[in-house]
Amino acid sequence: MAKAHTILFICLGNICRSPAAEGIFKAKAAKTGLSVTLDSAGTGAWHVGHPPDERMVRAAVGRGYDLSALRARRVDIGDFYVYDHILAMDESNYTDLKELQPPDGTATLSMMLDFGSGGEVPDPYYGGPDGFDHVIDLLEEASDGLLRHLKASHA
Ligand code: 4NP
């Protein structure tokens, strides 16, 4: 049996974008039968132990994704040895991860939307309610692209 792909999704608080990425990718991977080990984490520690933001949970439920069991944690240097792919939601997350990345870390660090529309997943935390659905749109497209990439790179 093929080894599971291990993927860690990263945002700032780990209560909006990266838990949504984890939940969306999990659902899509399950449909394709690809074996994956997933987690998400934040570069900041304010929300450690908290469930996802209820606005994100509601928007996700509306689109068929259940994020309710997820709990926030902070990214750790050890993650760079555990995960094959570490995916940043925005440039600020990417810069913070580059600073944390150990020279002998084995993870490949990328922007999530490199697999979708390009650019950043905007932080919905201080924005209006439409921001959460927009985040889901971007993450669904990028999740499809990431699945295609993984299938192509590991026949
Ligand atoms: P996330 O959103 O990075 O997508 O989880 C945020 C959540 C919390 C905060 C900022 C962004 N905050 O400042 O507490």
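1. On one side of helix 2, the residues Glu54, Arg58, Val61 and Gly62 are exposed (exposed means over 50% relative accessible area, buried under 20%, and partly exposed in between, with a 1.4 Å probe and protein chains only). Helices here are DSSP runs of H or I with at least four residues, strands are runs of E with at least two, and both are numbered from the N terminus.

2. The model is predicted: local features need pLDDT of at least 70, side-chain atom pairs count only at pLDDT 80 or more, and totals for chains, interfaces and linings use all residues. Residues are numbered from 1 along each chain as its sequence is written, and side-chain values use heavy atoms, with hydrogens and water left out.

3. Helix 2 spans residues 54-62, and its buried residues are Met56, Val57, Ala59 and Ala60. Seen down the helix axis, these fall within an arc of 165 degrees, so they line one face of helix 2 (the arc is taken from the directions from the axis to the C-beta atoms). They pack against helix 1 (17-32) and helix 5 (130-153). After helix 2 comes Gly64, with a positive phi near 95 degrees.

4. Around the ligand stand Cys11, Leu12, Gly13, Asn14, Ile15, Cys16, Arg17, His47, Asp123, Tyr125 and Tyr126, each with a heavy atom within 4 Å of it. By class, this shell has six nonpolar, three polar and two charged residues (Ala, Val, Leu, Ile, Met, Phe, Trp, Tyr, Cys and Pro count as nonpolar, Asp, Glu, Lys and Arg as charged, and the others, Gly among them, as polar).

5. An oxygen atom of the ligand lies 2.8 Å from a backbone N or O atom of Gly13. For Asp123, a polar side-chain atom is 3.3 Å from a ligand oxygen atom, and for Tyr126 a polar side-chain atom is also 3.3 Å from a ligand oxygen atom. Taken alone, the ligand exposes 360 Å², of which the protein buries 93% (Shrake-Rupley method, 1.4 Å probe).

6. Arg17 belongs to helix 1 and is buried, at 2% relative accessible area. Leaving aside neighbours within four places in sequence, the residues in contact with Arg17 include Cys11, Met89, Asn93, Val121 and Leu139 (contact means heavy atoms within 4.5 Å).

7. Gly105 sits in the loop between helix 4 (91-100) and strand 4 (108-111). Beyond its neighbours within four places in sequence, Gly105 is in contact with Phe80 and Tyr81.

Notes:
A polar contact is a pair of N or O atoms within 3.5 Å; within protein, one must be able to donate a hydrogen and the other to accept it, and residues adjacent in sequence count only if both atoms are side-chain atoms.
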